[in-house]
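Morning, everyone. I have one structure to walk through today.

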Amino acid sequence: MTIHKLLLAMAAAVAPLTALADIGWYAGVGAGGTRLEEDLDVTFSAADCDAGGSSCTTLASQRLDKFEGTDLGFRVFGGLRVGRFFGIEAGYVDLGEPEDEVSLNVPAYGVAPETDIQLVMTDEIDGWEVYGLAGFPLTDTWEVFGKLGVISWDSDFRFKNSFSENFPPTPGVIPTVEPQTSAVSDDGTDLAGGIGFNYQATEHMILRGEGTWYDIENVEQAWLLGFSVILSY
């Protein structure tokens, strides 16, 4: 089911309730910290090759099986509340550009001295999201809530050798470092959910704190923990 079909289905489910309870619209923007953890299968290596590149001697190699990174992310969203207990919410989320890096020690070889080279990895994930929301009032101004829905996401995973300029293609000075630069793009639609609290600061302004979890394919963990300012109507 696409995110658009799910949004229509949720709206249809909520519509009959509008005759039984007050409804209200709201829009908000928020920001916070993101964290990604992903399983990898990348080998980072340095080799010395002859002039034609037909024969190479591997000098150092390291297999990477994990990516972990944090960054600043943000959300822009809007929603419809039916009374104080139920609602639907949809918006756009950007999880920033979490970064991870690993260093590889290359021993002295020929005329090249011992040195360290570094692989830098980033993953940019953003997408459109829609949720069903259930609120639980604690007082007239405080409530806790839970939400469950889906995210239609795009991912752009990149890795590069940050010191590749130090290794020109000349025999004896480590001309081959793999990977130099590469990118893997992917997309999909997966489950998402979260919990948080709302504080009614004024008649039309709500302050929110929440944590949102994204069950993105091939990503072990994807979180956004942040705060939002909401205007209600």
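How much accessible surface does the protein have, and what share of it belongs to carbon and sulfur atoms? The total comes to about 12100 Å². Carbon and sulfur atoms hold 59% of that. Keep in mind that this is a predicted model.

Now the layout. The protein has 1 helix and 10 strands. Starting at the N terminus, the order is α-β-β-β-β-β-β-β-β-β-β. So much for the order of elements.

Next, burial and contacts. The protein has 233 residues, and 43% of them are buried. Take the contacts between residues at least 6 apart in sequence. Of those, 70% join residues at least 24 apart.

How many cavities of 30 Å³ or more turn up in a search of the whole structure? The search finds 1. The volume of the largest cavity is about 60 Å³.

Which residues line the largest cavity? Here is the list: G30, A31, G32, R75, E210, T212, L224, G226, F227 and S228. Sort that lining by class and you get 3 nonpolar, 5 polar and 2 charged residues.

Where does the lining come from? Three strands each supply at least two residues: β1, spanning 23-49, β9, spanning 205-214, and β10, spanning 219-232. Which element gives the most? That is β10, with 4 residues.

To recap the cavity: about 60 Å³ in volume, with β10 as the top contributor to its lining.

Technical notes
Residues are numbered from 1 along each chain as its sequence is written. This is a predicted model: local features need pLDDT of at least 70, side-chain atom pairs count only at pLDDT 80 or more; totals for chains, interfaces and linings use all residues. Side-chain values use heavy atoms; hydrogens and water are left out. On a 1 Å grid over the protein atoms alone, a cavity is a set of points where a 1.4 Å probe fits but cannot get out, and a pocket is an open set with protein on both sides within 12 Å along at least five of seven lines; lining residues have an atom within 4 Å of a point. Grid points are joined across faces, edges and corners, and a volume is the space filled by probe spheres set on the points. Ala, Val, Leu, Ile, Met, Phe, Trp, Tyr, Cys and Pro count as nonpolar, Asp, Glu, Lys and Arg as charged, and the others, Gly among them, as polar. Buried means under 20% relative accessible area, exposed over 50%, partly exposed in between (1.4 Å probe, protein chains only). Contact means heavy atoms within 4.5 Å. Accessible areas come from the Shrake-Rupley method with a 1.4 Å probe; for residues, only the protein chains shown count as cover.
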